[in-house]
Amino acid sequence: MRKVRAGLIGAGFVGPLHVEAVRRLGYVDMVAVATSSPETARKKASALSIDRACADYRELLVDDSIEVVHVCTPNYLHYPVVMEALERGKHVICDKPLAIDSPDAREMRDRAGQLRRVNAVTFNYRFNPMVQQARAMIARGEIGRPRFVHGFYLQDWLLHETDFSWRLDPEQAGASSAAGDIGSHWIDTAQFLTGMKISRVLASLHTSVPIRKKPAASREAFQSVSGDQHKEEFLVTSDDLGSVLVEFEGGATGVFAVGQVCPGHKNDLQIEINGASGSIKWIQERPDELWTGWRDRANTLLVREPSLLDESVRRYANLPGGHNEGWADAFKNLMSNVYRFISEGRDPVDDADNIDFPTFEDGYRACSIIDAIIRSNQDRSIWTKVEY
Ligand SMILES: NC(=O)c1ccc[n+]([C@@H]2O[C@H](COP(=O)([O-])OP(=O)(O)OC[C@H]3O[C@@H](n4cnc5c(N)ncnc54)[C@H](O)[C@@H]3O)[C@@H](O)[C@H]2O)c1
């Protein structure tokens, strides 16, 4: 593979995981980083062994030697950073959700298409080998037509009133916290597994901790701070809990819950699909396992072992059976597909049918579903059509 030069914008929780993932590919050089200030950029550059710390993201984007930009900032910055990166000719890998609402996401998708830049969104759960295996089994009809798709994505890192994140500020995150942040992952995984699009939703969103103590200094996701750092009260308007009924084009129905205040649940994404003849279930915190359920024979638990997976899926299983693979490995698999496309110089419009990673189109669709969830909740939980 030819060498590809990349830059990182935003280096809090997830940015360093982008760096680690692309370094594992062996042919990507992460050459520059920009964060919210020159000082933090210098610190992050040193911690991540990146040569160049930029004063701000614009300084990084004017570097013509950088071909690919990773956008790992809070959500409200995705739109301006991505649009400028595209205008400067960069390929863009943007973290999810693509934008704070679907009109912004649509513009980003359209501009990337017009400029023929490779565009990717990090819906990384698609790239767990057992998720790929489940998709392949469903696609070839092993469980029959999907009828019921259900599950949840629960976390506990915002349990206490002293827990705070920009995700709770609608100006930085968008109107929804839990549904937008982790619901977008569940939605994408459900659509990816079934091959069906969500067409209608009925949502009930809740704010279980309405007043929080905001720390004086901003901090990265999943970090706790001691009590004396809490200065001002913050009135929360976005959801930290939600329940959503969904309907899919093609007739399947479903339901999922999201929560950031559920004690004991760390990163607990679970999804089950009941088809006309069988069921299939994947649990993110037990990523190497895939459960299948049957009425007239024994249920099975397939434990990841490359030789037992579909041939088309084996490339996503990097290690032999018994050598656990998880979140970071799936993230690397996503980057591997995106960078192969880039390094081969393929055109995202001409070669659209052969794209094997989530694009801005998928990011836009997820934002459209989140918008419908927010509208449904505002309209006292009525069935609401997803507007694409
Ligand atoms: N794919 C996943 O599973 C996953 C996981 C976590 C976060 N995310 C997404 O990644 C993004 C970042 O989330 P996070 O948890 O890493 O947040 P974070 O708060 O930990 O980090 C945000 C980073 O953005 C930087 N930043 C803020 N303003 C900036 C500016 N003007 N210019 C440049 N950099 C700026 C901050 O300095 C910090 O380095 C969000 O969109 C989030 O939804 C995705």
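**Close-up views of the predicted model**

**View A. Among the elements that cover the buried residues of helix 2 are strand 2 (28-34) and strand 3 (52-54).** The model is a predicted one, in which local features need pLDDT of at least 70 and side-chain atom pairs count only at pLDDT 80 or more, whereas totals for chains, interfaces and linings use all residues. Residues are numbered from 1 along each chain as its sequence is written. Helices (H or I, at least four residues) and strands (E, at least two) are DSSP runs, numbered from the N terminus. Covering rests on contact, which joins two residues whose C-beta atoms, placed from the backbone, lie within 7 Å. A residue is called buried if 20 or more other C-beta atoms lie within 10 Å of its own, exposed if 12 or fewer do, and partly exposed in between, again with C-beta atoms placed from the backbone. In helix 2 (residues 38-47) the buried residues are A41, K44 and A45; seen down the helix axis, they fall within an arc of 105 degrees and so line one face of helix 2, the arc being that of the directions from the axis to the C-beta atoms. The face turned away from this buried side carries the exposed residues E39, S46 and A47. After helix 2 comes S49, with a positive phi near 55 degrees.

**View B. Six strands form an open sheet in the order 3-2-1-4-5-6, with parallel pairing.** Strand 3 and strand 6 (119-121) are the edge strands, each pairing on one side only, where pairing requires that DSSP find at least two bridges between two strands. Neighbouring strands of the sheet are turned by 25 degrees against each other on average, direction ignored. Strand 1 (residues 4-9) and strand 2 run parallel and are joined by six bridges, and in strand 2 the bridge partner of G7 is A32. Helix 1 (residues 15-23) packs on the sheet, touching strand 1, strand 2 and strand 4 (68-71), and its direction makes about 165 degrees with that of strand 2. Helix 4 (residues 78-87) also packs on the sheet, touching strand 1, strand 4 and strand 5 (91-94), and its direction makes about 160 degrees with that of strand 5. For these angles, which run from 0 to 180 degrees between N-to-C directions, axes are lines fitted to C-alpha atoms, for helices over the stretch in contact.

**View C. Strand 12 (residues 253-259) is mostly covered, with five of its seven residues buried.** Strand 7 (residues 146-154) runs parallel to strand 12 and is joined to it by seven bridges; V149 stands opposite G254 in strand 12. Strand 11 (residues 241-248) runs antiparallel to strand 12, again through seven bridges, and L241 stands opposite G259. Four residues lie between the strands in the hairpin of strand 11 and strand 12, where G250 takes a positive phi near 100 degrees.

**View D. P358 lies in the loop between helix 9 (327-343) and helix 10 (360-378).** P358 counts as buried because it has 26 C-beta neighbours inside 10 Å. Leaving aside neighbours within four places in sequence, P358 is in contact with A120, V121, F123, R126, D188 and G363.
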